Amino acid sequence: MTASTYEAVIGLEVHAELLTRSKMFCGCPVVDSTQAEPNTAVCEICTGMPGTLPVINQRAVEYALRVALALRCQVAETSVFARKNYFYPDLPKGYQISQYELPLAQQGWLSIDVGSGEQRVRVRRVHLEEDTGKLFHREGYSLVDYNRSGVPLLEIVSEPDMHSVEEVKAYATALRSLLRYLEVNSGDMEKGVIRFEANVSVRPSGSETLGTRTEIKNLNSFRALVRSIAFEIERQSRLLDAGKTVVQETLGWDEVRGVTLSQRSKEEAHDYRYFPEPDLPPLHVSAEWAERVRAELPELPDARRARFRERYRLTPYVASILTAERAIADFYEDALAAAPQVSPEKTANWISGELFALLNQAALDIDACRVTPRALGELVSMVESGEISAASGKAVLAEIFQAGGRPQDVVRARGLAQLNDPQEIERLVERVLQENPQQVQQYLDGKETVSQWLFGQVMRAARGRANPRVIREVLERALRSMEENPPTA
Amino acid sequence: MADLTDLTLLEAAQALRRGEISSRELTEACLTRMQALEPQVHAFLATTPELALQQAQAADRRLKAWRQDRSQPLPLTWGIPIAVKDVLCLQGVPTTCGSRILEGFRPPYTATSVQRVIDAGAVILGKTNTDEFAMGSSTENSAYGPTHNPWDLERVPGGSSGGSAAAVAARMCFAALGTDTGGSVRQPASFCGVTGLKTSYGRVSRYGLIAYGSSLDTVGALARSAADLVPLFEAMAGHDPLDSTSMPDPVPQVSLEDADLKGLRIGVPREYFIEGIASEVEEAVRRAVQVFADLGAQVQEISLSHTDLALPVYYLIAPAEASANLARYDGVRFGPREPAQDLWEGYFATRGARFGPEVKRRIMLGSYALSAGYYDAYYGQAQKVRTLIKGDFEAAFQEVDLIACPVAPTTAFRIGEHGDDPLSMYLEDVFTLPANLAGVPGIAFPVGFDSRGLPIGMQLNAPHLGEPALLQAAHSYQQATDWHKEHPPL
C-alpha cells in the first residue's frame with residue numbers, strides 16, 4: 001500500500017495568549033516577552049513565592065468568552081480551575097493553574113474552506129490557564145525569565161476532524177484570524193503568542209476505527225505545523241506499509257532536520273495529578289454576562305466573507321483574502337465608502353492585487369500602510385472615471401505607498417492627468433500616421449498586427465497619458481478611412 | 001505593679017490608654033521575659049526586638065496624640081506586643097515554616113492578617129516555632145528543635161502553633177497569631193492552658209499564610225482569655241481582595257457586654273466521647289458543660305455521625321493539597337539550594353536534604369491519593385465524605401447554637417512520646433479536624449487541670465462566621481471560672 005491509501009486523522013490543541021493588560025492571576029503587566037528585559041514584569045504571585053494566592057483576571061475571562069462564543073461553544077455557568085502538577089523550572093509553583101474536568105466552554109465549531117466548500121471542524125473545549133516562564137539554556141547552566149509566567153492562556157482543543165495538512169492549515173489560519181478579529185491576540189506567531197500541538201494518526205481509507213495517535217508538541221509556526229504533520233502522516237503510513245505498528249508517544253519537531261523525534265512514550269507519560277484548585281472558588285459566568293459578551297462580538301470572519309460575496313459580488317477567493325484580517329476588511333469597506341460610484345469588485349482587485357504586492361514587497365502589515373483607505377478609494381475612482389490611466393494609477397499608488405498623501409496631489413504634481421480629448425488624440429494619430437508611411441502601407445497590405453505598433457507610437461507621443469480606449473477608437477477610425485481611400489503612393 | 005507581663009491584653013490596653021504605662025515599657029518587659037525563658041521554652045524561631053521597639057515608639061506617639069484628641073477610635077491592640085507564627089510572612093523577617101528548605105528566606109511581602117494587626121497598632125516581637133509547614137501536633141516536627149510546654153518543660157506544647165501557645169502561656173507576649181488546618185490553634189491552646197480561636201474558613205485572609213492544606217488552612221489567634229482575643233479577631237477578619245476564598249461578609253463587632261448564655265442551645269456530640277479519651281479530660285469537659293448549663297444554657301446531646309471518618313478524610317485531603325503546595329520548594333527561586341550536577345539531581349538533593357520526614361510522608365501520601373487510577377478511590381471519595389461531615393454540622397446547627405466537645409483526647413504528652421508512630425500522633429487531632437473539614441469556627445479554652453497539673457481544654461464550635469457567638473460564650477464561661485487565670489510555674 002502507499003500513503004494515499006491511508007486517511008489521516010488530525011486534532012489540534014491551540015494555545016493562544018490573551019492580550020489582557022495584566023496577567024491571569026496577578027496585577028503584573030503582560031509584556032512582549034521577546035522584547036522586555038527578563039524578570040521585569042514579575043511579582044511574588046507569578047513567581048510562586050510562598051504564601052501567595054491567585055486572583056482571577058475578569059478581563060481574561062471576558063476575552064475567553066468572546067472566543068468561546070465566536071466558536072459557538074456552550075459556555076459553562078460554573079467552571080472550575082484545577083492544578084496540573086509537574087516539576088520544571090519555568091513553572092514556579094510546581095503546578096499550572098488550568099481547567100480540567102469543568103472547562104469554561106465546550107462543543108463549538110469553526111468553519112473552514114479548502115476549496116471543496118465550507119466544512120466544520122468541531123471544537124471540543126475551550127479553557128483558561130496560565131502560561132509558563134521561559135528557559136534560556138547556556139553553557140553549563142540555564143536561566144529563567146518569568147515575564148511570561150502567569151500570562152493568560154486560552155487552550156482551544158478541536159475534535160480529530162481534520163484529514164489533511166490543507167485542512168489543518170485552514171483551521172489554524174481561520175482560528176488565528178478569529179482571535180485577531182476578536183482583538184484578544186496579536187497573531188504574532190514569531191513571538192510565540194499562538195502555539196500548536198497536533199494529534200496525528202492514520203488508518204486505512206474507509207476504516208472507521210482510529211489508528212494509534214502520536215502527539216507533536218511545541219509547534220510555533222504554520223510552517224512547522226504543516227511540515228511536521230505531513231512528515232508524521234508519511235512516517236506512520238510507511239510504518240503500516242511495512243507491517244509495523246505506530247507507537248503512542250509524544251514527539252518533538254526538529255525544524256532543521258525536518259523530522260519528528262520521540263520525547264516520551266505512553267509509559268513515561270506525566271501523571272499530572274489534576275485536582276480542583278482550592279485557592280479559587282468555582283468561576284461563575286451568568287447568562288447575562290455571556291449574553292452581554294455575545295452582543296458585543298464584532299462581525300466574524302465567516303459572516304463577513306459571506307456578506308462580501310453577496311453584497312459586493314466578490315469571488316470566494318477574493319472575499320476570503322479580504323476578510324482574513326479584520327484590518328484589511330475594514331480597509332476595503334472604508335475604501336468603498338470613499339469610492340461609492342466604483343464597482344466594489346474593482347476596488348477589491350486594487351487591494352488584493354496592487355496594494356498587497358506593495359505590502360508584500362515592503363513586508364508591511366496593512367496597519368503600517370501609508371495609503372489610507374480613502375486615498376485608495378479616490379485613486380480607484382480616478383482610474384475608473386478615466387481621469388488617469390491604469391498605468392498612472394499604479395505609479396501614483398506606488399508613490400503614495402512610499403510617501404503618503406492624496407492621489408489628486410500626486411497626479412497634479414506629476415502631470416499624470418489622462419488625455420481624453422478626442423480632437424487632441426486625433427492630431428497625435430494623424431502625426432504618427434504621417435511620420436510612418438511604411439508601417440501604414442504594411443497595415444494596408446494586410447499585416448494587421450502593425451496596428452498594435454502604431455497604437456504604441458501614439459501612446460508614446462502622448463507620453464503615456466492618453467486614454468488607451470480613445471486612442472484605439474481614433475486609430476481604428478483613421479486606418480479604416482485609409483483603407484477606403486488609400487493614400488496615393 | 002508586679003510585672004507588666006502579668007497583665008492581660010485588655011488590662012495592658014487600658015493602662016496604655018490612661019498613660020500609666022508605655023508600649024515601650026510593655027515591649028521591653030516582654031523582651032526581658034523572652035530573654036530569660038527562651039533557653040528553656042524555645043517558643044521563637046526569630047525575634048525582632050529592633051522592629052518591636054520601633055513599632056512601640058510609634059505606638060506611644062499615637063497613644064499620646066490620642067489621649068489629647070479622642071475623636072478617632074483607637075483599636076485595643078494599639079501598642080500591644082504580640083508574636084506571629086512562623087508560617088505567616090512578615091516582610092524582611094526570616095520566615096521558615098520550621099523548615100530547613102526555607103532557611104534564610106525573607107519574604108518581600110507581609111501576610112494580610114499580620115499587616116492588619118500591625119495596622120491596628122500591634123507590636124511584633126518575633127516569629128514562633130511550628131511543626132514543619134504546620135504538619136504536626138507537638139512542634140516536634142520543627143527542623144529547629146521542639147518548643148517546650150511552659151507547664152512542664154519535658155512535655156510538648158501541642159502543635160503546630162506550639163510556639164505561639166507556649167509564648168502566650170509563658171507570658172512572653174500578650175497574644176499570638178496562629179494557624180489552624182486540623183487543630184493547630186486549638187490543640188496547643190488546650191495543652192498550654194490558653195484560649196485559642198480558630199476562625200471560619202474564609203473569615204481571615206490566607207494571603208501570606210504559607211499554605212499547607214489550602215482548603216483547610218485558617219488564621220487564628222491565641223491569648224489569655226476570650227476577651228483578649230476579640231480585638232485581634234476584629235483587626236484580622238474581613239474580606240481581602242488578594243484572597244479569592246475570603247468572605248465578603250462584613251465583620252460584626254463582638255460585644256462581650258451582651259454575652260448571655262440564657263437560652264443558648266449547646267449540643268454535645270456523643271461521637272466525641274470515645275474510647276481512648278483520657279478520663280480526666282472527659283470529666284473536666286463534662287463539668288464545664290455543666291457550668292454552661294448552670295449559667296442558663298440548654299444542653300442536649302447531638303450526633304455528628306460521620307465523626308469517625310474525619311481523620312481518614314483529613315489525611316487524604318490535606319496531604320493531597322500539600323503535595324502541590326510544597327512543589328514550589330525546588331531551590332530555584334528562593335531558599336537554599338543543594339549542590340548538584342543537573343536540574344533533577346538539584347531537585348532531589350534540595351528536597352531530599354531539606355524536607356523533614358513528616359513533610360515527605362505527607363507529600364508522598366498526597367501524591368498517591370491524587371495519582372491516576374487512585375484519585376477516585378482516595379481524593380475523590382474523601383471529598384464526598386467531607387460533604388457528609390459538613391452536612392453533619394449543618395444539621396446539628398439546625399438544632400443547637402453551639403457544639404461543645406473536648407479539644408484533644410489527652411493533655412500534653414512527653415516530648416518523644418509518640419516517637420516514630422505517626423498514626424498515634426494523628427489521633428491527637430481527632431476532635432479538631434471536623435471543624436476544619438466543615439469550615440466552621442472553634443474556640444479552645446482551659447476548663448481544668450489533670451492530676452499532673454497539666455491544663456485541660458474544651459472546644460466550642462459555631463456555624464460558619466459564628467465567631468462572635470463563640471467569643472461571647474467562652475467569655476461568659478471565663479467570667480464564671482478562673483481556669484484561664486492560672487499561670488505556669490515559670
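Predicted model: local features only at pLDDT ≥ 70, side-chain atom pairs only at ≥ 80, totals over all residues.
Strands (E, at least two residues) and helices (H or I, at least four) are DSSP runs numbered from the N terminus, and two strands pair if DSSP finds at least two bridges between them. Local features need pLDDT of at least 70, and side-chain atom pairs count only at pLDDT 80 or more, whereas totals for chains, interfaces and linings use all residues. Residues are numbered from 1 along each chain as its sequence is written, chains are lettered from A in the order in which they are written, and side-chain values use heavy atoms, without hydrogens and water.

B:Leu197 has B:Ala221 as its bridge partner in strand 6 of chain B. Strand 5 of chain B also pairs with strand 10 (residues 442–449) of chain B, antiparallel, over 3 bridges; there B:Leu197 stands opposite B:Ile443. Both faces of strand 5 of chain B are covered, with B:Thr195 and B:Leu197 buried on one side and B:Gly196 and B:Lys198 buried on the other. Buried means under 20% relative accessible area, exposed over 50%, and partly exposed in between (1.4 Å probe, protein chains only).

In helix 11 (residues 357–370) of chain B, the buried residues include B:Val359, B:Ile363 and B:Leu370. Seen down the helix axis, the buried residues fall within an arc of 135° (taken from the directions from the axis to the C-beta atoms), so they line one face of helix 11 of chain B. B:Pro357 and B:Met364, on the other side, are exposed.

Terms used:
Expected span 1.5 Å × (residues − 1).
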